[in-house]
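This report looks at how two parts of one chain meet, and then at a single residue. Please have the sequence and the structure at hand.

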Amino acid sequence: MNHSPNTKAGSHSKPVRELLATYKGQPTMDGDGVKLTRIIGTHQLNMLDPFLLLDAFSSDEPLDYIGGFPSHPHRGFETVTYLLEGQMRHKDSAGNEGVIQPGGVQWMTAGKGIVHSEMPEQIDGMLMGFQLWVNLPQRAKMSEPDYQEFPTDQVATERWPSGTHIRVIAGQTNQGTTGPVKNHYVHPTYMDVSLKAGDMLEQELPATDNTFIYLIEGRVSSGESSSDKPKNIIDPQTLAVFDQGEALRIDAHTDSRFLLISGQPLNEPVARGGPFVMNTKAEVLQAFDDFQRNRF
Ligand code: FE
């Protein structure tokens, strides 16, 4: 396959990723009646290996979130909670407890099993954020649980003279800004990009990664600009999935903010059962059994 049409002569030598598809997600409820939009983990987009789920929650109506996510188990993957507004308290069976504040992130490796609760630490006001599930490879599904939490001032931030800023949770920008999260199993990139109108982000990524952006606000386009190939416009609250390639290019038409998430696919069988994600159905049934027998 000749990728030369994707290559802008002169300035870039690397094939730029093409927009493959966009998804709007679907409204749903989880936990104790928390209203959210499921973006990955739907009928339209069951998963995007190694990402199993992406939820967005955003409401200033307390009834939409006050129930939170009372005590529940996980096994076989990692949960990443990133908060933009509001506060969430989490507590788990490994003895970890903390409050995630705006701009803060919690990266929890459930491994062989953890029981935790995730509850709003507020009774009114805005609560806004995301939860991403990152799958674990077969060899790590029964690993010891692990836990990393970074308040907003420990999330690496790259600032451009234009006003663009990139918060790096995991991975590295082309300029070398590196996120604080240490990944032992899969090595995803997770960035929160605020791109000023007229600015362009070019981000190199492992060529075979599965890569997406979720546009929080603004208006961006992707790919090379040329007269014979109009750019792909991405609307707010949309997930945009890209083809393989070494570089992602995003142009901001207005001041825009998006999550950029990318990861190497595991290419392993996936068996899902509620809060457990294993390789086989038998392993999922074992997880339910272990949980019921208090073996977590
Ligand atoms: Fe959870």
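Two residues are in contact when heavy atoms lie within 4.5 Å. The model is predicted. Leaving out residues up to four places away in sequence, Ser59 touches Asp64, Tyr65, Gly125, Met126 and Leu127. Ser59 is found in strand 4. Its side chain makes a polar contact of 2.6 Å with the side chain of Asp64. Is Ser59 buried or exposed? Ser59 counts as buried because its relative accessible area is 11%, and the cut-off for buried is under 20%.

Now the domains. The protein chain splits into domain 1 (25-153) and domain 2 (155-265). Their centres, taken over C-alpha atoms, are 22 Å apart. Contact involves 33 residues of domain 1 and 27 residues of domain 2.

| Item | Value |
|---|---|
| Buried area | about 2,400 Å² |
| Share of buried area from carbon and sulfur atoms | 72% |
| Salt bridges | 0 salt bridges |

Which strands supply at least two residues each to the side of domain 1 that touches domain 2? They are strand 3 (34-40), strand 4 (51-59), strand 6 (77-85), strand 9 (105-109), strand 11 (127-135) and strand 12 (146-150). Strand 11 gives the most, with 5 residues. By type, the residues on this side of domain 1 are 22 nonpolar, 6 polar and 5 charged.

Conventions. Residues numbered from 1 in each chain as written. Predicted model: local features only at pLDDT ≥ 70, side-chain atom pairs only at ≥ 80, totals over all residues. Heavy atoms only, no water. Domains from an automatic or database assignment. Buried area = accessible area lost by both parts, 1.4 Å probe. Salt bridge = Lys/Arg side-chain N within 4 Å of Asp/Glu carboxyl O. Helix = DSSP H or I, 4+ residues; strand = E, 2+ residues; numbered from the N terminus. Nonpolar A, V, L, I, M, F, W, Y, C, P; charged D, E, K, R; others polar. Buried < 20%, exposed > 50% of the residue type's maximum accessible area, 1.4 Å probe, protein only. Polar contact = N/O pair within 3.5 Å; in protein donor to acceptor, adjacent residues only side chain to side chain.
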